[in-house]
Amino acid sequence: AVLAEPTACAVHAVAQAPATSGEVVAVLGAGTILLLVVAALPHLADPGTLLVGARYPHQRRLASELGADLAVPEDQLPRSVRRATGSLAAAGALSGGAAVVFDCVGSATSLRAALGMVRPRGTVVLVGMPGPATVDLAPLWHRQVVLQGVYAYGLEHLQGEPRRTFEVALELAARCRLGRLVSAAYPLERFEAALAHAGQAGRRGAVKVVFDLRSRRPSSRPAPDPGAPR
């Protein structure tokens, strides 16, 4: 249940991207959204080769389990794309590159990396939440690359059929056992510890940190007197 909403975001991102059947697709990022996009791609887009760049070993392991053909440290992803596409590297970009690159970070650094990995006339899908960034857009102009933003969810058209994003997300969550991405659950009273854990999730080998409202500490306040006036 707690992964239904972010899974819907990933489903929407994949559904809005260009068709990738038989193509090389790269996913760059870290954390929950990266892994959910990786889970959605084989089921909704059928990429020929799915390459993933992630910072931490447990993220790469989970990406492989969810369908990535190769998961490498994020700084090695451009090299993996170059090898998979038989491209040459020159002036910070590849002569070929991935048909679609999903940027699940949204920073200036990740966007530059994505623009350097995508092929001419390819598409960079911006999934991660961006902020103010200074990026040289000459590669986007010179190579006629499409920069596509995706956000939230709604109604998707999959195989010619309109479907609600959440419906597809719930099916994907069950099929891929996405509940395993929940690494820790805290009672609401321990919100400070939960936020600290979430802020260090990658370094601590975690993915998704959640609150469990069923788990509450016993109250330290005295029980009310049933005979007292109300």
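## Exercises on a predicted chain

Aspartate 46 is located in the loop between H2 and S2. The model is predicted: local features require pLDDT of at least 70 and side-chain atom pairs pLDDT 80 or more, while totals for chains, interfaces and linings use all residues. Residues are numbered from 1 along each chain as its sequence is written, and side-chain values use heavy atoms, without hydrogens and water.

**Exercise 1. Give the number of helices and strands in the chain, and its overall extent.**

Step 1. Helices (H or I, at least four residues) and strands (E, at least two) are DSSP runs, numbered from the N terminus. The chain holds eight helices and twelve strands.

Step 2. Along the principal axes, the C-alpha atoms fill a box of roughly 80 × 40 × 30 Å.

Step 3. Of the 230 residues, 45% count as buried. Among contacts with a separation of 6 or more, 62% are between residues 24 or more positions apart.

**Exercise 2. Work out the strand order of the open sheet and identify its edge strands.**

Step 1. Two strands pair if DSSP finds at least two bridges between them. The open sheet has six strands in the order S3-S2-S1-S6-S7-S8, with parallel pairing. Its edge strands are S3 (70–72) and S8 (146–149), each of which pairs on one side only. Neighbouring strands are turned by 15° against each other on average, direction ignored.

Step 2. Strand S1 (residues 24–28) runs parallel to strand S2 (residues 49–53), and five bridges join them. Alanine 26 stands opposite leucine 51 in S2.

Step 3. H5 packs on this sheet and touches S1, S6 (98–103), S7 (118–126) and S8. The direction of H5 makes about 150° with that of S7; axes are lines fitted to C-alpha atoms, for helices over the stretch in contact, and angles run from 0 to 180 degrees between N-to-C directions.

Step 4. Seven of the ten residues of H5 are buried, namely Ala108, Ser110, Leu111, Ala114, Leu115, Gly116 and Met117.

**Exercise 3. Characterise the largest pocket by its volume, its lining and the elements that supply it.**

Step 1. A pocket is an open set of points on a 1 Å grid over the protein atoms alone, where a 1.4 Å probe fits, with protein on both sides within 12 Å along at least five of seven lines; lining residues have an atom within 4 Å of a point. The largest pocket holds about 930 Å³ of space, a volume being the space filled by probe spheres set on the points, which are joined across faces, edges and corners.

Step 2. The lining of the largest pocket has 41 residues, and Ala30, Ile33, Cys104, Val105 and Gly128 lie nearest its centre.

Step 3. Helices H1 (4–16), H2 (31–44), H5 (108–117) and H8 (191–199) each supply at least two lining residues. H1 gives the largest share, four residues.

Step 4. This lining divides into 22 nonpolar, 13 polar and six charged residues. Here Ala, Val, Leu, Ile, Met, Phe, Trp, Tyr, Cys and Pro count as nonpolar, Asp, Glu, Lys and Arg as charged, and the others, Gly among them, as polar.

**Exercise 4. Describe the second largest pocket in the corresponding terms.**

Step 1. The volume of the second largest pocket is about 400 Å³. It is lined by 19 residues, with His43, Leu44, Ala45, Leu158 and Gln159 nearest its centre.

Step 2. Two or more lining residues come from each of H1, H2, S9 (155–158), S10 (161–164) and H7 (165–175). H7 gives the most, with four residues.

Step 3. The lining of the second largest pocket comprises ten nonpolar, five polar and four charged residues.

Notes. Contact = heavy atoms within 4.5 Å. Buried < 20%, exposed > 50% of the residue type's maximum accessible area, 1.4 Å probe, protein only.
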